[in-house]
Amino acid sequence: MTSCKPTKTEYQRKPEWLKIKLNTNDEYKGLKKLMRENNLNTVCEEAKCPNIHECWGSRRTATFMILGAICTRACRFCAVKTGLPNELDLAEPERVADSVVVMNLKHAVVTAVARDDLKDGGSEVFAETIRAIRRKNPFTSIEVLPSDMGGIEQNIRNIMDAKPDILNHNIETVRRLTPRVRARAKYDRSLELLRRAKEMQPSIPTKSSLMLGLGETHEEILEVMDDLRANNVDIMTIGQYLQPSKKHLPVLKYYSPAEFGELRKIAMSKGFSHCEAGPLVRSSYHADEQVNAAAKQRQLQGEQLLATPNS
């Protein structure tokens with residue numbers, strides 16, 4: 001697979017495999033009503049996720065977006081609003097936890113806009129949200145997806161000390177394209193965050209996501225896989241970039257389901273404990289299954305250690 005120049009056909013019509021069947025049933029409507037009543041934001045809505053009807057309508061899962069709905073960064077792939085954020089809502093962690101209880105979630109994903117205006121990058125609110133969910137629903141597994149929080153070690157520690165079940169931070173694109181795609185973010189800083197998180201809490205799985213279609217080469221995709229594994233990342237998701245509006249970066253290539261399937265095989269051969277790869281895969285896609293896969297992998301590793309005779 002190599003990078004492709006944009007063509008007129010690609011801009012006019014998406015491939016057949018990117019067509020989505022909407023499922024606006026009572027479960028979807030009920031969850032949307034709950035989010036509005038509790039004044040909660042979701043990345044499902046703000047980032048225009050293509051899987052919102054499946055997750056809300058069938059799987060009854062959602063990704064909460066804390067720290068407001070306005071991001072301090074203007075990444076050229078992202079649909080989330082950019083500007084001057086509002087003041088912190090200190091009651092937000094409790095409202096998120098209450099919603100997790102009402103929804104009876106087995107797995108909750110908590111992400112946030114980038115808050116470069118805050119010294120702690122919003123890490124304390126992340127930690128409070130984790131603790132609130134633990135208090136009110138101790139059997140719910142928790143995945144967090146923060147920004148790089150300026151690469152400040154204490155900000156990462158604030159989150160890891162609260163002990164989420166999965167720490168997710170997205171690399172988003174290949175090294176060469178990072179300056180063009182990700183505002184203020186740095187490729188190596190993202191890798192460093194993932195490495196530090198694992199060093200702080202070795203038993204907590206780490207995860208990262210890569211989106212394709214921005215002009216990357218096959219060799220660059222493999223380089224990202226190797227870089228993530230070199231920093232002990234356990235789980236990887238790979239999906240198709242879709243242009244949110246004409247103001248955002250154009251799609252340079254649509255990858256086929258077969259190509260995604262091949263990339264998943266390669267990722268698993270490199271040692272990831274779990275990999276989701278497909279045109280509509282996003283960072284939180286089937287996150288409940290990923291935490292189960294990671295738990296099984298840790299159990300298997302523990303059994304292997306116990307079975308190994310002392311030297």
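Author: Residues are numbered from 1 along each chain as its sequence is written, and the model is predicted, so local features need pLDDT of at least 70 and side-chain atom pairs pLDDT 80 or more, while totals for chains, interfaces and linings use all residues. Side-chain values use heavy atoms, with hydrogens and water left out.

Reader: What makes a stretch count as a helix or a strand, and how many of each are there in the protein?

Author: Helices are DSSP runs of H or I with at least four residues, strands are runs of E with at least two, and both are numbered from the N terminus. The protein has twelve helices and eight strands.

Reader: Why is Cys71 called buried?

Author: Buried means under 20% relative accessible area, exposed means over 50%, and partly exposed lies in between (1.4 Å probe, protein chains only). Cys71 has 10% relative accessibility, so Cys71 counts as buried. Of the 311 residues of the protein, 54% count as buried.

Reader: Why is Cys78 put in a class of its own name, and what is that class?

Author: At 25% relative accessibility, Cys78 counts as partly exposed. Cys71 is in the loop between strand 2 (63-66) and helix 5, and Cys78 is found in the loop between strand 2 and helix 5. The UniProt annotation "binding site", from an unreviewed entry, covers Cys71, Cys75 and Cys78; such annotations may be inferred rather than shown by experiment, and their positions are given in the numbering used here, with feature names shortened.

Reader: What do Cys71 and Cys78 touch?

Author: Contact means heavy atoms within 4.5 Å. Not counting residues up to four places away in sequence, Cys71 touches Val80, Lys81, Thr82, Gly83, Val113 and Ala114. With neighbours within four places left aside, Cys78 is in contact with Pro244 and His248.

Reader: Why is Thr140 called buried?

Author: Thr140 has 1% relative accessibility and therefore counts as buried. Thr140 lies in the loop between helix 6 and strand 4. The C-alpha atoms of Thr140 and Val101 are separated by 9.0 Å, though 39 residues apart along the chain.

Reader: What describes the packing of helix 10 and helix 11?

Author: Axes are lines fitted to C-alpha atoms, for helices over the stretch in contact, and angles run from 0 to 180 degrees between N-to-C directions. Helix 10 and helix 11 (residues 257-269) pack at about 35 degrees, with axes 10 Å apart. In this contact, His218, Ile221, Leu222 and Met225 in helix 10 meet Leu263, Ile266 and Ala267 in helix 11.
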